[in-house]
Amino acid sequence: MFPKPIEKQSQAAQVAYKSLLPVALAFWLAPLLAVALFSVKPDADFTSGNYWGLPSSFEGAANYGQVFFNSDMPRYLLNSFMITVPTVIGAVALSAMTGFALGIYKFRANLWIFFMFVAGNFVPFQILMVPVRDLTLELGLYNTKTGLVLFHVAFQTGFCTLFMRNFIRALPFELIEAARVEGVSEWRIFWYVVLPLMKPALAALSVLIFTFIWNDYFWAVVLTQGIESQPVTAGITSFNAQFRAAYHLMSAGSIVAALPPVAMFFLMQKHFIAGLTLGAVK
Amino acid sequence: MTVSSDIPDTESWFHRNQQRIAPWLFLAPGILFFAVYVIAPVFQSFNLSLYEWDGLGEKTYVGMRNYEDLYWEYVDRDAFFTSLKNNVMWLFLYLLAIPAGLFIALFLNQTVRGIRLYKSLFFFPFVISQVVVGLVFTWFYDPNFGLLNTMLGWVGMGPINVLGNEHLVTYGIVAAGLWPQTAYCMILYLTGLNAVDPEQIEAGRLDGAKGWSMLWNIILPQLRPATFIAFVVTIIGALRSFDLISIMTQGGPFGSSRVLAYYMFEVALSEYGFRMGYGAAIAVVLFLIMLCFITYFLWSMYREEKGH
């Protein structure tokens, strides 16, 4: 293990390390802790200039109550869910199939199709912006959740295919050959042999895509504009316009908007990190 | 099992050719979506950059004029070159996330009690959307009450208005971007460090390597895959920077924090109004910059594939 385990060092070093940890963490998360502090302060603290002192009264319930019951935030959150969940299902379904095709079969175009997916996944959004917006307008899907979902599914298929294909490559190929010898059809091999083995990859991709799509801002701004369809990342700017200079409410709103992916991360931590660090170890 | 896989010819054509057709059936939906929404638009944008178009009316073919206009600073003075310069700054400064992530990973790679929670909490900024990161840092930099100036006040400095200063603003935004990006690189390195071969470390210790020489000669070579991925995601992230600029400054003050990604959006969709062809030309420039890196990444992957 590197660096040298702290247990093998002097008592003083151990104490120093253990006390340094929380300090470093507080420093690292300081901007966020500040927002958390703001979100439980009463409005009066801001007018009286008490920004960084203790809250003169604890108004967490009132502030978050405002966000949930007296603003458009719940609607934006709902939109975000209705965009994110279908995208996750669509992208994972499509890429399970493309990943299977590219991971199992040997044919001449294989590597080139794979590279097409990988390269497409890296292109800057701006080169897609005008044509995709145009296409969405022509389909009559501008400012709808469906329009946003269709694009997200297509774009995320690039990254997901990379992920799935590499995962399937690592599975024991003998299983598939054995099934073929038994005369099992290719579709049933996919469904009954490979898919059950892919559960960890499906879980990892689902949490990753959930986070990516929930946090998307650019496409939300390009393809939607109203409260009927905007997700929370885009909605928060209108929320902030509504509560201009009400820092306690803007802070509470930001925390609420950030929460679902954070919850997802803490619940599915193992899968999340396995997904993010795929390929970081040989 | 002794059943032969050579099925008698009573089987349908589909069954006999299953293994050749199946991959294409599995690929069809994915390729269709990807071609329509990703591959075709790239070429459409290239084409569009040769036209003048407001997004509604007729397109007028103007040849290379949009590209000449980039050079002649069409919207306001220096807009394109400021964006280009800022993109280069983003590229270089953003790479600091890699050593910073490695540093934190080395700091946290211990087994004391509660260390798993610490690792998760250090990773936290990456999970939050860039929109919220942007808001949080806008308040952090606020000249009146921001935490930064409050802290500077303790040591008798400041106040400085980071986001209102033409010379500081890009550094300020990049710093906000480095926060989640460093967390990402950290998690890559933590995973990499977990897999470092302990025998090689022992062998290194016996040879008298420790500290820096151990890190440089024994650990880093084993972390190469992690470094490669950190490099890829950081470069892509730097060139994609849009959310933070849009939230924190909207390109200001006086356009001094624009990057190509934001400038393109401004030209094509915001108050500068619907100049789609010109926007497409900016996007093409950004794409060509990205293409250098994409080619390099694919080339590395290709060598790897052939190596197996």
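This is a predicted model: local features need pLDDT of at least 70, side-chain atom pairs count only at pLDDT 80 or more; totals for chains, interfaces and linings use all residues.
Chain A is divided by the domain assignment into domain 1, residues 6–62, and domain 2, residues 69–276. A distance of 34 Å separates the C-alpha centres of domain 1 of chain A and domain 2 of chain A. Contact between the two involves nine residues of domain 1 of chain A and seven residues of domain 2 of chain A. On the side of domain 1 of chain A that touches domain 2 of chain A, at least two residues each are supplied by α2 (30–38) and α3 (43–47) of chain A. The largest share of that side, three residues, is provided by α2(A). By class, the residues of this side of domain 1 of chain A comprise five nonpolar, one polar and three charged.

Between the chains, 80 residues of chain A are in contact with 83 residues of chain B. Helix α6 of chain A, residues 110–122, gives the most to the side of chain A that touches chain B, contributing nine residues. This side of chain A consists of 59 nonpolar, 16 polar and five charged residues.

Within chain A, helix α11 (residues 199–214) packs with helix α15 (residues 269–276) at an angle of about 90 degrees, and their axes are 8 Å apart. The helices α11(A) and α15(A) are therefore roughly perpendicular to each other. The contact is formed on the α11(A) side by Pro200(A), Ala203(A), Ala204(A), Leu205(A), Val207(A) and Leu208(A), which meet His271(A), Phe272(A), Ala274(A), Gly275(A) and Leu276(A) of α15(A). Nine of the residues in the contact of α11(A) with α15(A) are nonpolar and two are polar, with no charged residue.

Helix α13 of chain A, residues 232–242, contains the buried residues Val232(A), Thr233(A), Ala234(A), Gly235(A), Ile236(A) and Phe239(A). The packing partners of the buried residues of α13(A) come from both chains: α5 (73–104), α12 (218–223) and α14 (247–267) of chain A, and α7 (130–141) of chain B.

The largest nonpolar core holds 172 residues, of which Met186(B), Tyr189(B), Met264(B), Ile282(B) and Leu286(B) touch the most other members. Helix α9 of chain B (residues 169–194) gives the most to this core, with 15 residues. When neighbours within four places in sequence are left aside, Met264(B) is in contact with Gln126(A) of chain A, and with Gly279(B), Ile282(B), Ala283(B) and Leu286(B) of chain B.

Definitions and conventions:
Residues are numbered from 1 along each chain as its sequence is written. Chains are lettered from A and ligands numbered from 1 in the order in which they are written. Domain bounds come from an automatic or database domain assignment. Helices (H or I, at least four residues) and strands (E, at least two) are DSSP runs, numbered from the N terminus. Ala, Val, Leu, Ile, Met, Phe, Trp, Tyr, Cys and Pro count as nonpolar, Asp, Glu, Lys and Arg as charged, and the others, Gly among them, as polar. Axes are lines fitted to C-alpha atoms, for helices over the stretch in contact, and angles run from 0 to 180 degrees between N-to-C directions. Angles under 35 degrees count as roughly parallel, over 145 as roughly antiparallel, 65 to 115 as roughly perpendicular and the rest as oblique. A residue is buried if 20 or more other C-beta atoms lie within 10 Å of its own, exposed if 12 or fewer, and partly exposed in between; C-beta atoms are placed from the backbone. A nonpolar core is a set of buried Ala, Val, Leu, Ile, Met, Phe, Trp, Tyr and Cys residues joined through C-beta atoms within 7 Å.
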